[in-house]
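Let's take a walk through this structure, one piece at a time. Have the sequence and the 3D view open as you read.

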Amino acid sequence: MTAPLHDTSAETAPVDPALGVSADKAIEGRSLGRIAWTRLKRDKLALTGGIIVLLLIAVAVFAPLIVGLLGHPPDQHHEDKIDPLFQTPIGTLGGISGDHLLGVEPGNGRDIFSRIVYGARVSLLVGFLSAMVAVVVGTVLGALAGYFGGWLDAAISRVMDMLLAFPQLLFIISLISVVPSQMFGLTGTGVRLTVMILVIGFFGWPYIGRIVRGQTLSLREREYVEAARSLGAGRRYILFKELLPNLIAPITVYTTLMIPTNILTEAALSFLGVGVKPPTASWGQMLSQAVRYYEADPMFMVVPGVAIFITVLSFNLFGDGVRDAFDPKGTR
Amino acid sequence: MNSSKTSGSPPGPAGPEAVLTYLIRRLFAVVVMLIVVMLAVFGIFFLIPKWTGVDPATMFVGKQADAAALEGIREKLGLGDPILVQLFEFFKGILVGRDYVSAGDTIHCSAPCFGYSFKTEQAIWPVLADRLPVTLQLAAGAAVIWLLIGLTAGVVSALRRGSIWDRMTMSLALSGVSLPIYFTGLLSLAIFSYGLGLVSNEYTPMTENFPSWFSGMILPWLTLAFLFGAMYARLTRATMLEVMGEDYIRTARAKGVREPIVIRKHAMRSTMTPIITLLGVDLGALMGGAILTETTFSLPGLGQAVLKAISEKDLPLILGVTLITASAVVVANLIVDLLYGVIDPRVRLA
C-alpha cells in the first residue's frame with residue numbers, strides 16, 4: 001500500500017479528504033469512482049468474485065443455449081436412469097456421467113445440470129431486481145427524510161425503525177402465501193417472482209434508507225450545498241445534482257452486499273415451499289426435495305447447495321472488495 | 001466489567017426522572033409496535049384477499065364449500081364484525097380472557113387467550129407454551145456457542161491483522177455467511193448422524209431423556225452457531241479494528257496502561273456496543289425466525305408451527321407466534337438500549 005496523501009480536490013472533498021493517492025503522482029483531482037476502481041483492480045479476491053458473478057450472469061442469460069449444448073430440457077424425465085426399487089439414480093455419485101454432467105434427480109430422473117443452469121435465472125433475477133426495488137425506494141425516501149427533515153423525517157424514520165424490528169421472514173412467507181395465483185395479468189411463476197421481488201425489496205429498503213438519510217443529513221449542511229443554494233439553485237437541483245452524486249458510493253456498496261442476502265432469502269423461500277413452484281427450477285426448491293433423499297442420494301443435496309454457496313460467496317467477495325475500495329480510510 | 005466510575009451511579013446527568021420518562025416513552029413505543037404488527041397480520045390475511053377478489057372465508061374451508069358452510073365460518077371467525085371489534089376482542093382475550101358464544105354455548109377462554117385454531121380447534125396458548133421451550137433451548141444454546149466462537153475469533157483476528165490466523169478465520173467466516181443454514185444442516189445430518197452415527201437426528205424432550213436431548217440438539221446448535229458465529233466474528237473484527245485506532249486508546253497507552261488492560265478495559269467496551277445491538281435483534285428474531293433450522297432438523301418449535309399455520313392460513317396461530325416474536329424483538333431492543341449506558345460510558349440516555 002502506498003502512503004495515503006491528502007487529496008483535497010473539490011470533487012472528492014465532500015466524502016472524505018483522506019483518500020489514497022500514489023506517491024509518485026502529483027496531487028491532482030481524481031473522482032472517487034476512479035480511485036475506487038484503481039483499488040478494486042488490485043484486490044485479487046474481489047476480482048475473482050466479480051468474474052464469477054459475470055460468468056453466472058452469462059449462464060443465466062444464455063441458459064437455453066447452454067442447456068441445448070450440454071444438457072437436456074429441464075422438465076424432461078429420464079425414468080430409465082432411475083433404480084425402480086429405491087427411486088435413486090443408477091450409477092455412482094447420483095448418476096453423474098458424460099450424458100448427465102451433474103447426475104439426475106431421484107424419483108423422476110430430471111437432468112440436474114440443466115435445472116441448476118435454469119435455477120441461476122431465478123436466483124439472479126430475484127437477487128438483482130429486489131435489490132433494485134430496495135435501492136430506489138430507500139434512496140428516494142431516505143433522501144427526502146434527510147433533506148426536508150421535520151415531520152416527514154420523523155414519519156419516514158419511524159416506519160424504517162418499525163420495519164427493521166419486524167419479524168421479516170415470517171411476514172415475507174405470510175404475504176407470499178396469500179397472494180392468488182393470477183395477478184397483474186401474470187400467471188403461476190410470473191406472479192410468484194413478481195411478488196417475491198416486491199416483498200424482499202420492501203423489507204430491504206430501510207437498510208439503504210437509513211444510510212442515505214444519515215448521509216443526506218450531514219451533506220446538506222456542507223458549504224458547497226450552501227454555495228449552490230446562495231446561487232439560486234432549486235431544491236430539485238440540489239437534491240439531484242449536488243447530493244445524489246455523493247450518495248453513489250454508499251449506495252453502491254450496500255447494493256452489492258444486499259444482492260447475496262436476497263439470493264439467500266429467495267433460496268430459503270423456495271426451500272420452505274413458498275417460492276417458485278415446480279416445474280420451474282430453483283436451487284432452494286431442489287434442496288427441499290433433497291431432504292427426503294439425503295441418506296440415499298447425497299449428491300442431489302450437494303449440487304444445489306454448492307451452487308448457492310459459490311454464487312453468494314462470489315457476490316460477498318466482490319461486495320467486500322467494493323466496500324474496501326470506497327472506504328475513505330483506505331486500509332483493510 | 002464495571003469500573004468504579006459507572007457502577008451504581010444513575011445513568012445520565014439528568015437523574016432518575018429522565019430515566020423514568022425515557023422508560024415510559026419506550027414502553028409506549030413497544031405497545032405501538034405490537035399493535036402495528038397485529039394490524040399487519042390482520043391486513044395480510046383479511047384485506048389482501050379482499051382486494052384481490054378472494055372471499056376470506058373460502059380460504060379457510062376451500063372453494064368447493066357450500067353456502068351454509070361459508071356462512072358458518074364467517075360467523076365463527078366474526079368476519080361480519082367490523083375490524084375494530086375483532087381487534088378489540090383479540091386484545092381483551094390476551095389481557096383478561098374472553099368468552100366465545102357458539103351455537104348457544106358459552107366457552108370461556110382465560111388469559112392469555114390467543115383464540116382457537118381454525119384447523120384443529122385447539123386453544124392457541126397451550127400450543128405456543130408447548131413449543132416455545134424448544135425454540136428457546138435452540139436459540140439460547142446456539143447463542144452461547146456463537147458468542148464464544150465469534151467474539152474470540154474476531155478479537156484475535158483484529159489484534160493479529162494480516163496473520164495466517166486472521167486470513168484463515170476470515171475466509172471461514174466469509175464462507176459461513178455464504179452458506180444457507182439448511183444446506184449446512186443437511187450436510188451435517190448426512191455426515192454426523194447418518195454417516196458416522198455419532199448423534200441423533202430426532203428431538204427428545206429434555207425431561208424425558210437428557211443424553212438423547214443433548215444428542216439431538218448438538219447439530220442444530222452448531223449449525224446455527226456456525227452461521228451467526230461467522231457474522232459476529234466479522235463484525236467484532238471490523239469494530240475492534242476501528243476502536244483500536246481511536247484517540248482514547250492512544251491516550252490509555254500513552255499514560256502507561258499495559259496492553260492487555262487496554263484491550264480488555266478500554267477497547268472491548270466499545271467493541272461490545274454494536275455486538276449487543278445485533279444480539280438483541282437476532283435473539284428476538286430467532287424466537288419466530290428459527291423457521292429454517294427447525295424445518296431442517298424437524299424440531300417441534302415455534303418456527304415449525306408457524307410455517308404449518310401459514311400454509312393452512314390458520315390466523316390465530318400465526319398471530320400468536322408473530323406477537324411473541326415481535327414482543328421478543330422489542331423487549332430485547334429495550335434491554336439492549338438500557339445496557340448501552342452500563343457498557344459504554346460515552347453513551348448516556350438522551
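Predicted model: local features only at pLDDT ≥ 70, side-chain atom pairs only at ≥ 80, totals over all residues.

Chain A is built from 11 helices and two strands. Of the 332 residues in chain A, 47% are buried. Look at contacts in chain A between residues at least 6 apart in sequence, and you'll find that 68% of them join residues at least 24 apart.

Now for the place where the chains meet. Here 33 residues of chain A are in contact with 41 residues of chain B. On the chain A side, the elements giving two or more residues are helices H5 (150-165), H6 (168-178), H9 (235-271), H10 (283-290) and H11 (299-326). H6(A) provides the largest share, eight residues. By class, this side of chain A has 28 nonpolar, four polar and one charged residues.

Over in chain B, follow helix H5, residues 124-159. Its 36 residues reach 50 Å from first C-alpha to last, close to the 52 Å expected at 1.5 Å a residue. Still, H5(B) bends by about 25 degrees at Arg131(B), with Pro133(B) following within four residues.

That brings us to the largest nonpolar core, which has 159 residues. Ile172(A), Ile176(A) and Val306(B) have the most contacts inside it. H5(B) gives the most to this core, 15 residues. Domain 1 (19-122) and domain 2 (124-313) of chain B both give residues to the core, so it lies between them.

Notes. Residues numbered from 1 in each chain as written. Chains lettered and ligands numbered in written order. Expected span 1.5 Å × (residues − 1). Bend = angle between axes of the 7 residues up to and from the residue. Core = buried A, V, L, I, M, F, W, Y, C linked by C-beta atoms within 7 Å. Buried ≥ 20, exposed ≤ 12 C-beta atoms within 10 Å, placed from the backbone. Domains from an automatic or database assignment. Contact = placed C-beta atoms within 7 Å. Nonpolar A, V, L, I, M, F, W, Y, C, P; charged D, E, K, R; others polar.
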